[in-house]
Amino acid sequence: MRVIVGGTFDPIHHGHLRMAIELRERLGLADVSLVPCHLPPHRGEPGASADQRLAMLNAAIRDEPGLTVDRRELARHRPSYTVDTLASIRSEIGDDEPLAMVTGTDSFAAIDRWHQWPRLLELAHIIVVERPGHDIPAGSVADRLLADHRSVGADFLERTPSGGVWSVSLPPLSISATDIRLALREGRSARYWLPDDVLALIQDQRLYSPSSDGGE
């Protein structure tokens, strides 16, 4: 089974990393792939460049063999649409291997604004990580998808190639890339929010100055 976690990772932090590790262990996977986007369609341009974010990702997972980085979206010089990434991976692994993408409750609630969203479940499962304080509006597209495609458990995802929605609660680790960038712009410490190697790269390259901003 292939599982991907997409995001801007601007910067990568312990919340991203711990979520990926929790999912890998719960699903019994060899690894989980982190997929940094190049140009997020629904957010402003990231505060760090693609190369800088890739360097931070590589530094963050250096000692964690269960996490890998998939660079395919960084190679595209156009908006990073998840449907394109899933189609690309599906063409590599074939029609029968289970494939799943991970998103938070907040993002899933707005899934009808995603590019070609009806194709997502044709290509993969969707793992929805519950986030405290974020609910899926009753009667929304996301609510109907959850009702119509909700899988009973992880075993459904492993038995079928696509089409399921699995809502999962993980131990909360409330860390925000936005809060990290704000702290850095204000000269406050960001230590323990993200790996020390990532913080060292940020400080060395003087990323997230008072005039910069970006996405999650």
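UniProt positions are given here in the numbering used for this chain, feature names are shortened, and annotations may be inferred rather than shown by experiment. With that in mind, I looked up the record: an unreviewed UniProt entry annotates residues 4-181 as "domain: Cytidyltransferase-like".

I noted that the model is predicted, that local features need pLDDT of at least 70 and side-chain atom pairs pLDDT 80 or more, while totals for chains, interfaces and linings use all residues. Residues are numbered from 1 along each chain as its sequence is written, and side-chain values use heavy atoms, with hydrogens and water left out.

**Helix 1.** I took helices as DSSP runs of H or I with at least four residues, numbered from the N terminus. The expected span of a helix is 1.5 Å times one less than its number of residues. For the 14 residues of helix 1 (residues 14-27) this gives 20 Å, and the end C-alpha atoms are 20 Å apart, which agrees. I then checked burial (buried is under 20% relative accessible area, exposed over 50%, partly exposed in between, with a 1.4 Å probe and protein chains only). G28 follows the helix with a positive phi, near 65°.

**Cores.** I looked for nonpolar cores, sets of buried Ala, Val, Leu, Ile, Met, Phe, Trp, Tyr and Cys residues joined through side-chain atoms within 4.5 Å. The largest has 39 residues, and I12, L23, L34 and I127 have the most contacts inside it. Helix 1 gives the most to this core, with 6 residues. A second, separate core of 22 residues includes I4 and V83.

**D155.** I found D155 in helix 7 (residues 154-159). It counts as partly exposed because its relative accessibility is 41%.

Technical notes
Helix = DSSP H or I, 4+ residues; strand = E, 2+ residues; numbered from the N terminus.
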